[in-house]
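What follows is a walk through one structure, meant for someone who has not seen it before. Have the sequence and the 3D view at hand while reading.

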Amino acid sequence: MTPQPHTRRPAPARNPDTARFLTGPKGRTAALTLPGRWAEQALCAQADPDAWYPDKGGSSAIARRICGACPVRPQCLDYALSGADTWHGIATGIWGGTTPRERAAMRRARKAAAA
Ligand code: SF4
C-alpha cells in the first residue's frame, strides 16, 4: 500500500532553528540557551542560516523578506534585543527582520525612554 501524503504528522525532530540559536555566525558554537517554544514556528528553520548572517557588504534581503512573513517575529526581536544577538560583544545577524544597526537604534531608543 502506498503511503498517503499528509496522513501522518512527522515526528518532532530536533528543530533546525535550534541550530540557529545554538550557533553563532557561520556555525561557531555559542553557549546560548533555548529561547522557548516560539522558535518551533520560526520560518528561518526552513532556510539557509547563512542568509541571516550575510558577509560584510552582502545582502540581507532574502532573510528580511522571510522574517517579514514569520509568525514569531515579535518574540524573535525581543529575544535578540535581550542580548541573544550579541556575539563576543558585537550584535550580529538578522533577527526579527532587523539588522544589527537597526537594533542598536532600538536599544538606544529604549534606553532613552527609560531614562
Ligand atoms: S523573525 Fe526571522 S530570524 Fe526571527 S525567527 Fe522568524 S524568520 Fe527567524
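Helices, here DSSP runs of H or I with at least four residues, and strands, runs of E with at least two, are numbered from the N terminus. The model is a predicted one. In those terms the chain has four helices and two strands, and along the sequence they come in the order α-α-α-β-β-α. Of its 115 residues, 18% count as buried. Among contacts between residues at least 6 apart in sequence, 52% join residues at least 24 apart.

Which residues are closest to it? The ligand is surrounded by 14 residues, and the closest are Ala 42, Cys 44, Cys 67, Cys 70 and Cys 76. By type, this shell consists of 11 nonpolar residues, two polar and one charged. Two helices, H2 (61-68) and H3 (73-84), each supply at least two residues of the shell.

Ala 42 is placed in the loop between helix H1 (16-22) and H2. Ala 42 counts as buried because it has 24 C-beta neighbours inside 10 Å, and the cut-off for a buried residue is 20 or more. Between the C-alpha atoms of Ala 42 and Cys 76 there are 8.4 Å, although 34 residues separate the two along the chain.

Cys 70 sits in the loop between H2 and H3. Its count of C-beta neighbours inside 10 Å is 17, so Cys 70 is classed as partly exposed. Setting aside neighbours within four places in sequence, Cys 70 has contacts with Ala 42, Leu 43 and Cys 76. Cys 70 can also be compared with Gly 97: the two are 27 residues apart in sequence, and their C-alpha atoms are 9.0 Å apart.

The largest nonpolar core has 12 residues, among them Ala 42, Cys 44, Cys 67 and Cys 76, along with Trp 52, Tyr 53 and Trp 95. The elements that give two or more residues to this core are H2 and H3. Of these, H3 gives the most, with three residues.

The residues of H3 that are buried are Cys 76, Tyr 79 and Ala 80. Viewed down the helix axis, these buried residues fall within an arc of 100 degrees, so they line one face of H3. In general, an α-helix has 3.6 residues a turn, so residues three or four places apart point the same way. On the other side of H3, Pro 74 and Ser 82 are exposed. The cover over the buried residues of H3 includes helix H4 (100-114).

How many of the 15 residues of H4 are buried? The number is one, so H4 lies largely in the open. From its first C-alpha to its last, H4 reaches 21 Å, close to the 21 Å expected at 1.5 Å a residue.

The last stop is the pair of strands. His 88 lies in the loop between strand E1 (86-87) and strand E2 (90-91). His 88 counts as exposed because it has 9 C-beta neighbours inside 10 Å. The backbone at His 88 has a positive phi of about 50 degrees, although the residue is not a glycine. Most residues other than glycine have a negative phi.

Conventions:
Residues numbered from 1 in each chain as written. Predicted model: local features only at pLDDT ≥ 70, side-chain atom pairs only at ≥ 80, totals over all residues. Near = placed C-beta within 6 Å. Nonpolar A, V, L, I, M, F, W, Y, C, P; charged D, E, K, R; others polar. Core = buried A, V, L, I, M, F, W, Y, C linked by C-beta atoms within 7 Å. Arc of directions from axis to C-beta. Contact = placed C-beta atoms within 7 Å. Expected span 1.5 Å × (residues − 1).
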